[in-house]
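Colleague: Could you take me through this one, term by term? I'd like to hear what stands behind each label.

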Amino acid sequence: VFFNEKAIKDEDGIYRTSTDYYYPMEDVISFYAVYPLERQIVFIDGSPCVQYDSPLGFDEDLVLASRKNVAMKPSVVGLTFKHMLSQIKFTVIGSDTNADYILKSLTVLCKKKGTCNFDGVWTPDAETAEMSLISSEIAVPTNTKLSLEESYFCIPTVIQVRCEWETFLNGVKTATYSRSTPDLNSADAIV
């Protein structure tokens with residue numbers, strides 16, 4: 001038996017379903033929960049999973065919780081939620097003491113769809129998505145550390161990160177750079 005029902009916090013601060021359910025007297029029950037609530041638990045080959053189709057923007061995390069084979073007991077069953085997505089944040093550092101930079105583009109290529117089981121194992125689909133992390137050029141003055149304020153979440157299978165920037169000395173453009181992983185972190189690719 002499977003109940004796919006939203007739990008609501010009551011006046012005592014305990015999350016409850018709108019209907020009371022009772023344990024079978026001599027059996028065990030497994031509990032599964034997902035947030036955000038729009039993500040539904042599905043069963044694939046008899047195992048509970050969550051199918052994930054990330055919208056471009058990737059601004060919402062996915063957390064899952066489970067307690068398996070719990071015997072009847074007269075207390076509340078606690079669930080511990082675990083993060084299932086990778087969070088991406090970027091910091092841009094102008095490393096040359098005499099140069100200014102213009103960050104032209106910053107994109108991430110990752111898997112767009114996948115299925116995650118409650119042990120945290122992902123089965124990503126073949127489809128990829130390219131996500132642009134900046135909507136317009138960003139100036140990075142000399143000796144400045146700039147952190148992009150947004151956080152992005154994606155299936156933990158980032159394929160590539162690409163960055164393009166221009167370097168200026170005394171207001172004159174001296175070079176345009178374009179780097180992709182795996183060399184994005186090399187010394188000559190640090191902005």
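This is a predicted model: local features need pLDDT of at least 70, side-chain atom pairs count only at pLDDT 80 or more; totals for chains, interfaces and linings use all residues.

Colleague: Why is phenylalanine 81 called partly exposed?
Modeller: Its relative accessible area is 40%.

Modeller: Residues are numbered from 1 along each chain as its sequence is written, and side-chain values use heavy atoms, with hydrogens and water left out.

Colleague: How do you know what confidence the protein chain has?
Modeller: From pLDDT, the predictor's confidence in each residue, from 0 to 100. The protein chain averages 79, and 86% of the residues score at least 70. Over residues 183-191, though, pLDDT is below 50.

Colleague: What makes the largest nonpolar core a core?
Modeller: The term covers buried Ala, Val, Leu, Ile, Met, Phe, Trp, Tyr and Cys residues joined through side-chain atoms within 4.5 Å. Here 19 residues qualify, including Ile88, Phe90 and Leu133. Six of them, the largest share, come from β10.

Colleague: And what does leucine 133 touch?
Modeller: Ile88, Phe90, Leu106, Val108 and Tyr152, leaving aside residues up to four places away in sequence. Contact means heavy atoms within 4.5 Å.

Conventions. Buried means under 20% relative accessible area, exposed over 50%, partly exposed in between (1.4 Å probe, protein chains only). Helices (H or I, at least four residues) and strands (E, at least two) are DSSP runs, numbered from the N terminus.
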